[in-house]
Amino acid sequence: MTMVQDDLSDEAPDEFPVRRIKFTVNGRKKLAEVEPRLLLADLIRRGVGLTGTHRGCDTTNCGACTVLVDGRAIKSCTMLAVQVDGREVTTVEGLATASELHPIQEGFKQEHGLQCGFCTPGMMLAAKELLDRNPDPTEEDVRWAISGNLCRCTGYQNIVKSVLWAAEKLRAEG
Amino acid sequence: MFPSRFRYEAPHSLDEAIGLLHGGDYVKVLAGGQSLVPMMKLRFASPEMLVDINNLPGLAYHRTDPDGSLRIGALCRHADLERSDLLKGSQPTMAAAAPLVADPLVRNRGTLVGSLCHADPQGDWASVMLALGGSVIAQGPGGRRAIPLAEFVTGPFETVLEHDEIAIEAVVPPAKGVRSGGYLKLERRVGDFATVGVAVAIETSGTTVVRAGIALTGVGGSTIGATEAAQALTGKPLTADGIAGAAELAAAAAQPRTDHRGTAEYKRQLVRVFVKRILAGGQPAGATGEPAERAA
């Protein structure tokens, strides 16, 4: 299949050469030519076309742009796209399968873990890293893990419940 | 927002990285990037070239050497220190500070050595390392040198690093006695800059304090070492009077300014209270002598 994407390098003069990078998004191998100043959030949204990764504050505060890079949750507005060369990126689109929600997504549905939904992808990926590392977190652990993600609907109570619901489901599934 | 244009190199060896710095352009070293990238996006910093050191091998460690010194490599992330069993028993000041740096997502990427090099007056690690008497190991074309933290930071966002040097490691010297102490920080919310942070590091032999370090975050133009306060504690057992005296001296060493995070007097009072709180809980297990009064 041919991959068509925005050419993000059209204005780069010769002294700032574009770099060719190889990386994986949600298990799919990608090739891209990027200007070094392109941010990871823009590579994901504009280059790969996955818009589940949200751009919120754009100042390393809100966590709406959280993705996993090699399994660690990071703010994609604060990492350069060239830095994922050879690495594995997971976005919110990588959680579900074609037919089934991921238990974390199911948890947010069951426990009403979202209102406007803007912070939700970031919350889910911060939660994913926590549950990968600690399958049986306390409420305090969950609050700590999502403390870099802001929800302006102030729905933290239900977000915490959602993550705990997912933890229980994942443990039951083994 | 996005940064100005820059050239980008991601070398695979330290020598190559140092060679790239040698050009004389405005070059910055990129480690975690959690301060540098935001500053570049805001165009507060517009380096001509970034030398990304994330591909350099063998810098992600933190370990205790046989001589008892703790060594933290330039790619050791805050989160590695937060989850470190190594720090829990032997490095109470560092163990207390690690979970208070920024937020969990920033901690996954940012590095201790990078934080020292950034030299933000509100950076937590510079205070911790200053209180512990730590140093930075810098490598340049001419070899390595160790720079004590007290000499490393010269002002806000300023260090003595030469343009062709890379800070490759931070070192905490071996303890002369049993370590105690801690780090307390007031922030308006997780991830905000410190309103006030206080690092206290004590080493006790028997009941006598053989080494003390106190350093202050966010209450001056750069990290402040409260040396008089630390000296007042040294060479004697920790007593309630001694603690109160040290707290006063530390508060006097602060140079806070009134801003949206609080008034100067409020911040000075926080320094006083934090020094007392850390020291009141600071006697190592098994130490005898006059019990320290729990302050504030």
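Where chain A meets chain B, 25 residues of chain A and 21 residues of chain B take part in the contact. Two residues count as touching if their C-beta atoms, placed from the backbone, lie within 7 Å. This is a predicted model, in which local features need pLDDT of at least 70 and side-chain atom pairs count only at pLDDT 80 or more, while totals for chains, interfaces and linings use all residues. Residues are numbered from 1 along each chain as its sequence is written, with chains lettered from A and ligands numbered from 1 in the order in which they are written.

Let's look at the chain A side of that contact. Strand S4 (72-75) and helix H4 (139-145) of chain A each supply at least two residues there. S4(A) has the largest share, with four residues. Helices (H or I, at least four residues) and strands (E, at least two) are DSSP runs, numbered from the N terminus. By class, the side of chain A that touches chain B has eleven nonpolar, nine polar and five charged residues. Here Ala, Val, Leu, Ile, Met, Phe, Trp, Tyr, Cys and Pro count as nonpolar, Asp, Glu, Lys and Arg as charged, and the others, Gly among them, as polar.

Now for the domains. Their bounds come from an automatic or database domain assignment. For chain A, this gives domain 1 (19-94) and domain 2 (103-173). For chain B, it gives domain 1 (7-52), domain 2 (62-172) and domain 3 (178-280).

| Domain pair | Distance between centres | Residues in contact |
|---|---|---|
| Domain 1 and domain 2 of chain A | 21 Å | 16 residues from domain 1, 13 residues from domain 2 |
| Domain 1 and domain 2 of chain B | 19 Å | twelve residues from domain 1, 19 residues from domain 2 |

In chain A, strand S3 (66-69) and S4 each give at least two residues to the side of domain 1 that touches domain 2. S3(A) provides the largest share of that side, three residues. Seven nonpolar, eight polar and one charged residue make up this side of domain 1 of chain A.

In chain B, helix H1 (14-21) and strand S2 (27-30) are the elements that give two or more residues to the side of domain 1 that touches domain 2. H1(B) gives the most, with four residues. This side of domain 1 of chain B has seven nonpolar, five polar and no charged residues.

What about helices that pack against each other? The axes of helix H2 (residues 103-110) and helix H5 (residues 156-173) of chain A come within 8 Å and cross at roughly 135°. Axes are lines fitted to C-alpha atoms, for helices over the stretch in contact, and angles run from 0 to 180 degrees between N-to-C directions. H2(A) and H5(A) are therefore oblique to each other; angles under 35 degrees count as roughly parallel, over 145 as roughly antiparallel, 65 to 115 as roughly perpendicular and the rest as oblique. Among the residues making the contact are A:Phe108 of H2(A) and A:Trp165 of H5(A).

In chain B, the axes of helix H11 (residues 240-253) and helix H12 (residues 264-280) come within 8 Å and cross at roughly 145°. The crossing of H11(B) and H12(B) is right-handed. Their contact has ten nonpolar, no polar and four charged residues, including B:Ile243 of H11(B) and B:Leu279 of H12(B).

Terms used:
Left-handed = near helix turned anticlockwise from the far one by under 90°.
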